[in-house]
Amino acid sequence: MLYESAARADEVLCLNVEDLYPQDKRGKITAKGGATEWIHWQSGTAQLLPRLIARRTRGPLFLTDRKALAGTPTLDVCPETGRALLSYHRAEGRCHVVAGVGV
């Protein structure tokens with residue numbers, strides 16, 4: 001999604017499921033400075049999004065594998081799964097693993 005949209009990582013990580021318009025291959029983000037903008041993606045992302053969303057209708061798009069810890073802010077927790085929003089630091093570690101670099 002980052003490659004296809006050219007959006008900033010922090011903008012994409014803050015996407016919520018309800019901000020996506022998959023039929024139009026776009027999503028609504030809050031850009032640096034607080035402005036509302038749209039990001040657009042191509043077929044590669046469009047094919048993967050349904051697996052990532054997994055029938056959820058709301059909440060953060062990118063989630064951790066585990067339940068959120070007690071005390072996690074409500075906005076950072078998926079109301080349907082109880083899993084926490086994926087942080088920039090955690091996402092960076094996953095990217096290194098996927099690229100074969102290691103953590």
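The model is predicted: local features need pLDDT of at least 70, side-chain atom pairs count only at pLDDT 80 or more, and totals for chains, interfaces and linings use all residues. Residues are numbered from 1 along each chain as its sequence is written, and side-chain values use heavy atoms, with hydrogens and water left out.

**Overall organisation**

The protein chain contains four helices and five strands. Both kinds of element are DSSP runs numbered from the N terminus, helices being H or I with at least four residues and strands E with at least two. Read from the N terminus, the order of elements is α-α-β-β-β-α-β-β-α. Of the 103 residues in the protein chain, 29% are buried; buried means under 20% relative accessible area, exposed over 50%, and partly exposed in between, with a 1.4 Å probe and protein chains only. Contact means heavy atoms within 4.5 Å. Among contacts between residues at least 6 apart in sequence, 37% join residues at least 24 apart.

**The three-stranded sheet**

Three strands form an open sheet in the order S1-S2-S3, with antiparallel pairing. Strand S1 (20-21) and strand S3 (36-40) are the edge strands, each pairing on one side only. Two strands pair if DSSP finds at least two bridges between them. The two pairings are set out below.

| Strand pair | Sense | Bridges | Residues opposite each other |
|---|---|---|---|
| S1 and S2 | antiparallel | two | leucine 20 and glycine 27 |

Arginine 26 places its charged end over two rings. One is the ring of tyrosine 21, at 5.5 Å from its centre, and the other is that of tryptophan 38, at 3.9 Å from its centre. A charge sits over a ring if NZ of Lys or CZ of Arg is within 6 Å of the ring centre and within 35 degrees of the ring normal.

**The nonpolar core**

A nonpolar core is a set of buried Ala, Val, Leu, Ile, Met, Phe, Trp, Tyr and Cys residues joined through side-chain atoms within 4.5 Å. The largest one has 15 residues, of which Met1, Leu15, Ile39 and Leu61 touch the most other members. At least two residues of this core come from each of helix H2 (9-13) and helix H3 (43-53). Not counting residues up to four places away in sequence, leucine 61 touches Met1, Leu15, Asn16, Val17, Leu20, Leu49, Leu52, Ile53 and Arg56.

Glutamate 11 belongs to helix H2. This residue is buried, with a relative accessible area of 10%. Apart from neighbours within four places in sequence, glutamate 11 contacts Ile29, Thr30, Ala31 and Lys32.

Lysine 25 lies in the loop between S1 and S2. At 30% relative accessibility, lysine 25 counts as partly exposed. Residues up to four places away in sequence aside, lysine 25 touches Ile39, His40, Trp41, Gln42, Ser43 and Ala46. Although 14 residues separate lysine 25 and isoleucine 39 in sequence, they are 8.5 Å apart in space, C-alpha to C-alpha. The side chains of lysine 25 and serine 43 are joined by a polar contact of 3.3 Å. Such a contact is a pair of N or O atoms within 3.5 Å; within protein, one must be able to donate a hydrogen and the other to accept it, and residues adjacent in sequence count only if both atoms are side-chain atoms.
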